[in-house]
Amino acid sequence: MSAHILIGMHGIRGGAVLFVAMMALGTGNDPYSALTPAQRIIVQPVIERYVRDQLKQDWGDLWEIQDQTADFKNELLSGQRDAPNLTKQQFVAAMRETIGSGYPRLRSFDLREVKPENGNFVMIGCALATREAWKQQSFTIAGIRIVDGSALVDLFSITADSCK
């Protein structure tokens, strides 16, 4: 993996599903147990905010902590990988248009584990996601990248592995 964790709908590489299942099975009661106290201070509030914003569809707040990677822009802007970062208004409009129709909406999320990965982090949880008539409860992952001391969260990806 590169230094920038890009785990979006199209960014999961071979073996990631197995990685997710192995990581989630090894968790105890504290999903942050693999982090140092300093890492936890940076990452935990952003994860809690990200999950809350996804569940409540608070796209304006999510814009502040969303990592605008090329994969993210490609997902929302239909292939414009070299597009500049979205303004807050563009981001909110894109999320309203995309989430629940073209891209799954999170309905619930249970954080299972947060792991350091090459200077960044991966969060793994069990989520119920829906899109049109489709629904699935499975392992869901997202990358967290640290930029200038702040944590930014990538698009979440839903695996094929059930987590019921």
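Does C126 count as buried or exposed, and at what relative accessibility? In this predicted model, C126 has a relative accessibility of 5%, and because buried residues are those under 20%, C126 is assigned to the buried class.

C126 takes part in a disulfide with C163, in which the S to S distance is 1.9 Å. The structure contains one disulfide. Of the two cysteines, C126 belongs to strand 2, whereas C163 is found in the segment that follows strand 5 (157-162), so the bond ties together parts of the chain 37 residues apart in sequence. The torsion about the S-S bond is about 75°, and the disulfide is therefore right-handed.

Helix 2 comprises 20 residues, 37-56, and spans 28 Å from its first C-alpha to its last, close to the 28 Å expected at 1.5 Å a residue. A bend of about 30° occurs in helix 2 at V43, with the proline P45 following within four residues. V43 is itself one of the buried residues of the helix, which are V43, V46, I47, Y50, V51, D53 and Q54. In an α-helix there are 3.6 residues a turn, so residues three or four places apart point the same way. After the end of helix 2 comes Q57, for which phi is positive, near 55°.

Key. Residues are numbered from 1 along each chain as its sequence is written. This is a predicted model: local features need pLDDT of at least 70, side-chain atom pairs count only at pLDDT 80 or more; totals for chains, interfaces and linings use all residues. Side-chain values use heavy atoms; hydrogens and water are left out. The expected span of a helix is 1.5 Å times one less than its number of residues. The bend at a residue is the angle between axes fitted to the seven residues ending there and the seven starting there. Buried means under 20% relative accessible area, exposed over 50%, partly exposed in between (1.4 Å probe, protein chains only). A disulfide is a pair of cysteine sulfur atoms within 2.5 Å.
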